[in-house]
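I want to look at the fold of one chain and then at how it meets its partner.

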Amino acid sequence: MKKQVFALAAALLVAGAGFATDAAAATLKIGVAGPMTGDQAKMGNDILSGVKLALQEWNAANKDLTMEIVIGDDQADPKQAVSAANKFVNEGVIGVIGHFNSSCSIPASDIYKDNGIVQITPASTNPTFTDRKYWNVFRTCGRDDQQGKVAADFVAGKKIKRVAVLHDKTTYGQGLADAFRDSLKKDHKVEAVFYGGVTKGDKDYSATLTSVKAANPEVLYFGGIYPEGGLLAKQAKDLGIKARFMSGDGVIDPEFVRIAGKEAAEGTWLTFSPDIKNVASAKGAVEAYEKQFGPVGPYSIYGYVSAKIFFEAVKKAGAKSAKDGQKIADTIRKGTWNTALGTLKFDAKGDRTSADYVMYETKNGEFVQITGLKQQAAK
Amino acid sequence: MPGAEHPALAIFFQQLVNGLTIGSVYALIALGYTMVYGIIELINFAHGEIYMIGAYLGIVFLALLTAAGLAGASLGLTMVLVFIGAIVICAMWGFTLEKVAYRPLRNAPRLAPLISALGMSIALQALVFLLQGARPKVFPHLFSGTGFDLGGARISYIQVFIFIVSILLMIGLNYFVRQTKTGKAMRATAQDRRMAALVGINVDRVISTTFVVGSVLAAVAGVMVAMYYGYVDFFLGFQAGLKAFTAAVLGGIGNIPGAMLGGILLGLIEAFGAGYISSEYKDVFAFSILVLVLIFRPAGLLGEQTPQKV
C-alpha cells in the first residue's frame with residue numbers, strides 16, 4: 001500500500017515537473033497579417049516569408065522562448081482585416097506583424113489596441129496609422145507625407161510644371177496622392193492639372209485617362225498598388241499619353257512591369273526606400289531569404305526586421321502573454337534596434353525617427369535607384 | 001489634345017470610342033443573362049464566371065499554342081484557334097452548368113435555382129482560384145500600342161476588333177433567334193414551355209442550347225477582354241457580371257435587342273460620366289441611370305419580354 005502511494009506521488013511529481021518545463025519553454029504565438037490571396041497576394045506572402053525567416057533564426061537560437069506563426073489573410077479588404085484581427089485575439093497572439101494595406105492596418109489596430117496586442121506594420125505608410133497615438137502601433141517603413149514630399153521635390157527639381165494626379169480611392173492611395181499634390185502646391189507652387197480617383201478592381205481606365213490626356217501633363221502620378229498601376233501605365237500608353245508615369249512604394253514590384261508590359265513601364269519614376277541590395281547591413285538577410293524563398297520583394301526584409309524587433313522586445317520585456325503588451329511596446333519605444341535596415345529608433349507615436357525615401361527609375365524592366373546613392377556610399 | 005484641330009471634339013470622339021468598346025463587351029455578356037431569363041426566368045449569376053473562364057482560357061490556349069511553336073508562324077491562325085478553344089470549353093461549361101445546377105430545380109420554387117446560381121458563381125470562382133492561383137495572369141502584349149489616330153482620338157486595332165466582332169455576333173444572334181428553326185423553338189419555349197413540348201419541341205434541348213449560345217458569347221467577350229486589357233484575375237467575372245446584368249435590366253430583361261442597347265448605353269454612360277463629370281463616381285452614374293430608368297420605365301427601355309402565359 002505504502003509503495004503504491006509512493007509510486008502515485010512520484011508519478012504526480014513527474015507529471016508536475018512535466019507541466020513546469022512546458023510552462024518554462026512556452027511557445028508564444030505571433031500573428032502575420034496581409035493579403036495572402038487576391039490580387040495583392042504577392043505582397044502578403046513576401047512579408048510572411050520575411051517573418052518566417054526571422055522565426056527560424058529566432059527559434060534556432062532561443063530554445064527556451066520559441067515562437068510560432070498564426071497567419072491572417074485580409075485579402076487587402078478592411079472587413080476581412082477586422083475578422084483576421086478578431087481571429088488573432090481568439091488565438092491568443094501577443095503581437096502582429098502586418099497588415100500590408102493602410103486601409104487594413106488602421107481598422108485592425110483598434111482591435112489590437114483593446115486586446116493588449118502590439119502591432120508592427122512593415123508596409124502601411126498612411127500617416128493616420130500612427131497619428132492617432134495608440135500605445136501599441138509601430139511601423140518599420142516610412143510615412144506617405146515623407147514619401148509624397150520626396151516625389152514632389154524630385155518633380156519640381158526637374159522643372160516639371162504640368163502634373164496629373166490619380167489615386168485608387170483607398171486610404172493609402174489617396175493619402176499618398178494628396179501628400180504629393182499638397183507638397184507640390186505648398187513647397188513648389190505647382191498646381192496639379194488633373195486630379196481624380198479610379199476604382200480599385202476596375203479594369204478599364206480609358207475614360208479617365210482620356211481626360212488626363214486632355215490636360216496634357218508631363219507627369220502622371222498615381223497613388224495606389226501595382227495591379228491598377230500596371231493597367232494605368234499600359235492603357236495610358238495605348239491612348240498615346242506621353243506623360244511619364246510616376247508612383248510610390250505600392251507599385252514598385254516586378255508584377256507592375258509584368259502587367260504594364262516592359263515598354264509602358266520603361267522610364268517610370270517610383271519612390272521607395274533605398275535598394276535593399278545596396279544596404280550593407282541587409283546583405284546576410286537577403287542571401288538567407290533568397291536561398292529559401294526566391295527573389296526578395298519590396299517588403300520582404302521589412303517583414304523580417306519587424307519580426308526580429310518584436311522577438312527581441314518580447315525577450316527583453318520578459319513578456320509571457322498578451323497581458324504584457326504594454327511592456328513590449330515600451331521596450332520597443334525605448335530601444336535602439338540594430339537591424340538589417342540599419343539602426344532603427346522609434347518616436348512616441350511609433351514612427352521611425354529616420355526614414356529615407358529615394359527615387360527609382362524603371363530601366364529595361366528593372367527598378368534602378370537614381371537618387372541618394374552618394375549618401376548611401378558615405379554611410 | 002495636342003495636334004487636334006478641335007480639342008473638345010477629339011475628346012468627345014475618344015470617349016465615344018472608349019464607351020463603345022466597353023459597351024459592346026457589356027452587351028455580349030448581357031445577352032447571356034437576358035436569353036436565359038427570357039426562357040426560364042432565372043437570373044444566371046454564374047454567367048459572369050463563364051466570361052472569366054473564357055478570359056483565362058484565352059491565355060491558356062495562347063500559351064499552349066506558343067509552346068507548340070504555332071504562334072510564331074501565324075498570329076491570325078493562332079488567334080482563331082484560341083477563340084475556338086475558349087468557345088468550345090465555355091460552351092461545355094454552360095451546358096454542364098445548366099444540367100447540374102438548374103435542370104434538377106426546374107420545377108422547384110423560383111428561389112431555389114437562384115440560390116443554386118449564386119452557389120455556382122462562388123464555386124467556379126474558387127475553382128479557378130485553386131487551379132490558376134491568386135496572382136493575376138498577363139496576356140502577352142501582342143497588340144499593345146498598335147492603332148491609328150482619327151480626328152485627334154487614338155483608336156487601337158483591338159478596340160475596332162472588339163466593336164466589329166460584337167456587332168457581327170449580335171446580328172448573327174438576331175438572325176439565329178428570328179429565322180432558324182432552333183430560334184423559333186426557343187421563342188416558342190419561352191412563350192409556353194408545356195405547349196412547346198406538346199407540339200414536339202424538345203424543351204430540354206432548347207434550354208441547353210440557350211445556355212450554350214450565351215456561354216459562347218461570354219467566351220468571345222472574355223478572350224477579347226483578355227487581349228484588350230492584357231490582364232485576367234479570378235475576380236474578373238464579378239464586376240463584369242454585375243455591369244452586364246445592369247445592362248440587361250436597363251434594356252429590359254428577357255429582351256435581346258434590349259440587352260444590346262443596354263450594354264452599349266451603359267458603356268457610353270460610364271465613359272462620358274467618368275470623362276466629363278468625375279472619374280471617382282463612374283459606377284455611381286451607371287447605377288443612378290439604372291434606378292431612374294426603373295422608376296420611370298419599370299420594364300426597362302425596350303420593355304421586358306417574359307413568357308406570356310396564355
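This is a predicted model: local features need pLDDT of at least 70, side-chain atom pairs count only at pLDDT 80 or more; totals for chains, interfaces and linings use all residues.

Among contacts in chain A between residues at least 6 apart in sequence, what percentage join residues at least 24 apart? I get 68%.

**Chain A on its own**

I looked up the secondary structure of chain A and found 15 helices and 14 strands. The radius of gyration is 23 Å, close to the 21 Å from the globule rule for 379 residues, so I put chain A down as being as compact as a globular protein of that length. I also took the spans of the C-alpha trace along its principal axes, which come to about 100 × 45 × 35 Å. Buried residues account for 59% of the 379 in chain A.

**Where B meets A**

Next I turned to the contact, which draws 32 residues from chain B and 32 residues from chain A. The two chains bury about 2,900 Å² between them, with 53% of that on carbon and sulfur atoms. I checked who contributes on the B side: B:Tyr229, B:Tyr231 and B:Glu280 supply 21% of the area chain B buries against chain A, more than any other three residues.

**Polar bookkeeping**

I counted 2 salt bridges between chain B and chain A. One of them pairs B:Lys282 with A:Asp202, the closest N and O atoms being 3.0 Å apart. For polar contacts across the interface, I have 12 residue pairs. Helices that each supply at least two residues to the B side include H1 (7–40) and H8 (203–229) of chain B. H1(B) gives the most, with 5 residues. By type, I sorted the B side into 14 nonpolar, 11 polar and 7 charged residues.

Note on methods
Residues are numbered from 1 along each chain as its sequence is written. Chains are lettered from A and ligands numbered from 1 in the order in which they are written. Side-chain values use heavy atoms; hydrogens and water are left out. Contact means heavy atoms within 4.5 Å. Buried area is the accessible area (1.4 Å probe) that two parts lose on being put together, summed over both. A salt bridge is a side-chain nitrogen of Lys or Arg within 4 Å of a carboxyl oxygen of Asp or Glu. A polar contact is a pair of N or O atoms within 3.5 Å; within protein, one must be able to donate a hydrogen and the other to accept it, and residues adjacent in sequence count only if both atoms are side-chain atoms. Helices (H or I, at least four residues) and strands (E, at least two) are DSSP runs, numbered from the N terminus. Ala, Val, Leu, Ile, Met, Phe, Trp, Tyr, Cys and Pro count as nonpolar, Asp, Glu, Lys and Arg as charged, and the others, Gly among them, as polar. The radius of gyration is taken over C-alpha atoms; the globule rule is 2.2 Å times the number of residues to the power 0.38. Buried means under 20% relative accessible area, exposed over 50%, partly exposed in between (1.4 Å probe, protein chains only).
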